[in-house]
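Colleague: I would like to go through this model feature by feature. Please give the general idea, then the case at hand.

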Amino acid sequence: MPKGNYYIPTPSNEPVLTYAPGTPERAALKEAVAAARKEQRDIPMYIGGEEVRTGNTLPMSPPYDHQHVLGHFHEGDASHVNQAIDAALAAKEDWENLGWEHRASIFLKAADLIAGPYRAKINAATMLSQSKNAFQAEIDAACEFIDFLRFNASFMQEVYMEQPESAPGIWNRLEYRPLEGFVFAITPFNFTAIAGNLPAAPALMGNTVVWKPSYTQIYSAQVIMEVFKEAGLPDGVINLIYVDGPVAGDVVFKHNDFAGLHFTGSTGVFKHLWKTIGENIDLYKTYPRIVGETGGKDFVVAHKSADAQEVATGLIRGAFEFQGQKCSAASRAYIPSNIWADVKGHMADALKEISMGSPEDFSNFVNAVIDKNAFNKIAKYIDQAKEDKDVDVIFGGNYDDSVGYFIEPTVLLAKDPKYTTMCEEIFGPVLTIYVYEPEEFEATLELVDSTSPYALTGAVFSKDRYAIELAAKKLKNSAGNFYINDKPTGAVVGQQPFGGARGSGTNDKAGAAMNLLRWVSARTIKETFVPPKSYRYPFLDKE
Ligand code: NAD
């Protein structure tokens, strides 16, 4: 334990590099992508101190060039889940007894490694395996991940500093113990930063972790693990396994040392996991912590006073960056008829310019969606829209998977505000717009609130302060991250703590002290300096 009150260096957000032509970062990134393309990576699981190769290998390909093979990963089975749990439990005592400043140092070093020598490598891996353009990779794999690591170290200190009052003669203390058992981190394909943060945050607080990433993110997950190892993370603290979700769940959720789930992914999967945990509740030593950030059906609502150009820009960026595969992506919009023609015109201008293709060509704004399943699912919504009378395809609507999983940015105009694509999460570059009568603003806010089971992000555009106040009030439970005159995507760690409620998750705000509190179990210690020697209280004395 530290012999001094140390202070974590005050974090500030990692500056986003531009990747403009002629910059050193652009040259370094192009070189890293080219080098990775020439290589065939053989990716093991990491259990305890071992790199585990099962020989049961599966290929990894860029979604925008599915015939190219980047390498193979070694898939595990139930026995590897058990090994990973054993390794996590074996590492637990030493890790939780290590002074917190050393735990912080490891993750702060990891942040500096990503900011420096690993920046191009982790961004290149994210471009290649998740089909992000250079800018989308930079704001995710580099900047957001670095911010998570640096800010969380600082938030850990805030948590530890939260201490109770002490009356005269006693000293009250709160000890923030790690959970009793291991934490299971299940991560999604769409953010390298989230994949790294979900195991790292509980580990920072002294827990040991079994981490199961999405199969389509394993290529960049390995770079995360390389960084953690180089930063000095001891063996067994984070164990990375590639096992089919239900197979992993079947072992983990029946283990009596299972102490917490840190999940990001779709709502259906999270609900299923929650139910499984509930069914197994008698098996566990403690009530497991369940933290899940899940799906969204994120809205933009414009008031009649809104600037049409600003609304159109918010929609284009909010709906189509990273092909709409952000949980926060704008996917339904409510535009008043007085500005609709202008909004549509500005969107048409932008969409004419936007090019789609490989992220290796830096002029492409839109790239491929993650895999064949996603491609088929999104294409099905578009095909249905082409047939349905309640909706018109006004932009895009084409798709082609001959080289990569490319879907054009698509805008649907719904006549029915409850049309399927106004309600369901599509997780692709499809935006549905409903045009309303300007005087129906308040009724439209009620529609926004009641249309979908999700409540992740949402935005209002208006120049009228009364309208903004009304929207903020009426939509208070419709979004965990609410934007005024801005797109609903792009939350920055330390600035806009991120997470939603209702069907969108437990709203524990990733990258905030609130989240870290879920990974500790506080022990209250009361120490009395001069204990009483008689049971008698003064009121018992005779008058
Ligand atoms: P997904 O739900 O398909 O998969 C997420 C993870 O769960 C993967 O690792 C997957 O293998 C695993 N999994 C699936 N079934 C499982 C099971 N039965 N048992 C154990 N694990 C299982 O999600 P995805 O496609 O990777 O990511 C997209 C989803 O994530 C979208 O719904 C999106 O909105 C959501 N998301 C939410 C946030 C947020 O902060 N709210 C952030 C990113 C993504």
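Modeller: Start with salt bridges: the term is used here for a side-chain nitrogen of Lys or Arg within 4 Å of a carboxyl oxygen of Asp or Glu. Keep in mind that this is a predicted model. Lys463 forms such a bridge with Glu310, with 3.5 Å between the closest N and O atoms.

Colleague: Which parts of the chain does the pair of Lys463 and Glu310 link?

Modeller: Distant ones: Lys463 lies in the loop between β20 (457-461) and α15 (465-474), and Glu310 in helix α10 (residues 308-320), 153 residues apart. Lys463 is exposed, at a relative accessible area of 54%, while Glu310 counts as partly exposed at 37%.

Colleague: How many salt bridges does a search of the whole structure find?

Modeller: The search finds 26. The general idea is that side chains of opposite charge can pair when their charged atoms come close. Among the pairs is Asp257 with Lys285, whose closest N and O atoms are 2.8 Å apart. This pair also links distant parts of the chain, 28 residues apart: Asp257 is in the loop between α8 (245-252) and β10 (258-264), and Lys285 is in the loop between α9 (267-279) and β11 (289-293).

Colleague: Is Asp257 buried or exposed?

Modeller: Asp257 has a relative accessible area of 13%, so it counts as buried. Asp250 forms a salt bridge with Lys254, with 3.0 Å between the closest N and O atoms.

Colleague: Which residues are linked in a network of salt bridges?

Modeller: Glu14, Asp112, Arg119, Glu138 and Arg150 make up that network.

Colleague: Now the sheet. In what order do the seven strands of the open sheet come?

Modeller: The order is β14-β17-β18-β13-β12-β20-β21, with mixed pairing. At the edges are β14 (391-395) and β21 (481-484), each of which pairs on one side only. On average, neighbouring strands of this sheet are turned by 20° against each other, direction ignored.

Colleague: In what sense do β13 and β18 pair?

Modeller: Strand β13 (residues 330-336) runs parallel to strand β18 (residues 430-436), and five bridges join them. Tyr334 has Tyr434 of β18 opposite. Helix α11 (residues 337-353) packs on the sheet and touches β12 (298-302), β13, β14, β17 (410-414) and β18. The direction of α11 makes about 135° with that of β13.

Colleague: What about single positions? Where is Val159 found, and which residues is Val159 in contact with, leaving aside its neighbours within four places in sequence?

Modeller: Val159 is in helix α5 (residues 134-161). Its contacts, with those neighbours left out, are Tyr176, Met205, Ala513, Leu516 and Leu517. With a relative accessible area of 5%, Val159 is buried.

Colleague: Last, the surface. Which residues make the nonpolar surface patch of about 540 Å²?

Modeller: Tyr535, Tyr537, Phe539 and Leu540 make it. Tyr537 is located in the segment after β23 (520-528). The cut-off for exposed is over 50% relative accessible area. Tyr537, at 54%, is therefore exposed.

How values were computed. Residues numbered from 1 in each chain as written. Predicted model: local features only at pLDDT ≥ 70, side-chain atom pairs only at ≥ 80, totals over all residues. Heavy atoms only, no water. Pairing = 2+ DSSP bridges. Helix = DSSP H or I, 4+ residues; strand = E, 2+ residues; numbered from the N terminus. Axes fitted to C-alpha atoms, helices over the stretch in contact; angles between N-to-C directions. Contact = heavy atoms within 4.5 Å. Buried < 20%, exposed > 50% of the residue type's maximum accessible area, 1.4 Å probe, protein only. Patch = residues over 30% accessible without salt bridge, like charges linked within 9 Å, V, L, I, M, F, W, Y side chains within 5 Å. Areas by Shrake-Rupley, 256 points an atom, 1.4 Å probe, with all protein chains shown as cover.
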